[in-house]
Amino acid sequence: MTKKEFIQFALINDVSFSYAGREYFILQDSNFCICGEYGNDEATIHFNKYQDVYRNIEDMLENWRLNEVPLNDLVEKIEFYGN
């Protein structure tokens with residue numbers, strides 16, 4: 001999935017995916033993204049510094065790191081599921 005396809009997908013779906021043996025989620029709420037690992041509430045992050053949901057998703061892609069790798073670098077390698 002390309003970055004553009006991912007953004008469109010994340011705008012209309014709650015997203016789940018696996019990476020390195022862990023399960024993650026991305027939820028949309030108003031203009032912000034809630035991201036985290038299932039079963040690890042301490043790892044939950046909110047991306048909401050912009051008033052625009054597209055910018056918040058792009059911020060999340062650039063700054064949310066899984067094993068030190070930004071999600072943006074993994075988006076084409078991961079299979080995402082919508083709920």
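**Exercise 1. How many aromatic pairs does a search of the whole structure find? Classify the pair Phe17 and Trp64.**

Step 1. The search of the whole structure gives 6 aromatic pairs. Rings of Phe, Tyr and Trp (its six-membered ring) pair if their centres lie within 6.5 Å; planes under 30 degrees apart count as stacked, over 60 as edge-to-face and the rest as tilted. This is a predicted model: local features need pLDDT of at least 70, side-chain atom pairs count only at pLDDT 80 or more, and totals for chains, interfaces and linings use all residues. Residues are numbered from 1 along each chain as its sequence is written, and side-chain values use heavy atoms, with hydrogens and water left out.

Step 2. The ring centres of Phe17 and Trp64 are 6.1 Å apart and the planes stand at 75°, so this pair is edge-to-face.

Step 3. Phe17 is in strand β1 and Trp64 is in the loop between α2 and β5 (65-66). They are 47 residues apart, so the pair links distant parts of the chain. Helices (H or I, at least four residues) and strands (E, at least two) are DSSP runs, numbered from the N terminus.

Step 4. Check burial. Phe17 and Trp64 are both buried; buried means under 20% relative accessible area, exposed over 50%, partly exposed in between (1.4 Å probe, protein chains only).

**Exercise 2. Classify the pair Phe25 and Tyr38. Is Tyr38 buried, partly exposed or exposed?**

Step 1. The ring centres of Phe25 and Tyr38 lie 5.1 Å apart with planes at 50°, so the pair is tilted.

Step 2. Phe25 belongs to strand β2, and Tyr38 to the loop between β3 and β4. The separation is 13 residues.

Step 3. Phe25 is buried, at 10% relative accessible area. Tyr38 is partly exposed, at 42%.

**Exercise 3. Which residues have the most contacts inside the largest nonpolar core?**

Step 1. A nonpolar core is a set of buried Ala, Val, Leu, Ile, Met, Phe, Trp, Tyr and Cys residues joined through side-chain atoms within 4.5 Å. The largest one has 21 residues.

Step 2. Those with the most contacts inside it are Phe6, Phe17, Ile26, Ile57, Met60, Trp64 and Leu71.

Step 3. Trace the suppliers. At least two residues each come from α1, β1, β2, β3, α2 and α3 (71-74). The largest share, 4 residues, is from α2.

Step 4. Compare with the aromatic cluster. Phe6, Phe17, Tyr24, Trp64 and Phe80 form one such cluster.

**Exercise 4. In what order do the strands stand in the open sheet? Which strands stand at the edges?**

Step 1. The order of the 5 strands is β4-β3-β2-β1-β7, with antiparallel pairing. Two strands pair if DSSP finds at least two bridges between them.

Step 2. β4 (40-47) and β7 (81-82) are at the edges; each has a single partner strand, so one side of each lacks a neighbour in the sheet.

Step 3. Count the bridges. β1 (residues 15-19) and β2 (residues 22-29) share 5. β2 and β3 share 6. β3 and β4 share 4.

Step 4. Look at the turns. The β2-β3 hairpin has 2 residues between its strands, and Ser30 in the turn has a positive phi of about 55°. The β3-β4 hairpin also has 2 residues between its strands; here Gly39 has a positive phi of about 80°.

Step 5. Consider burial in β3. Of its 6 residues, 5 are buried, so β3 is largely enclosed by the rest of the structure.
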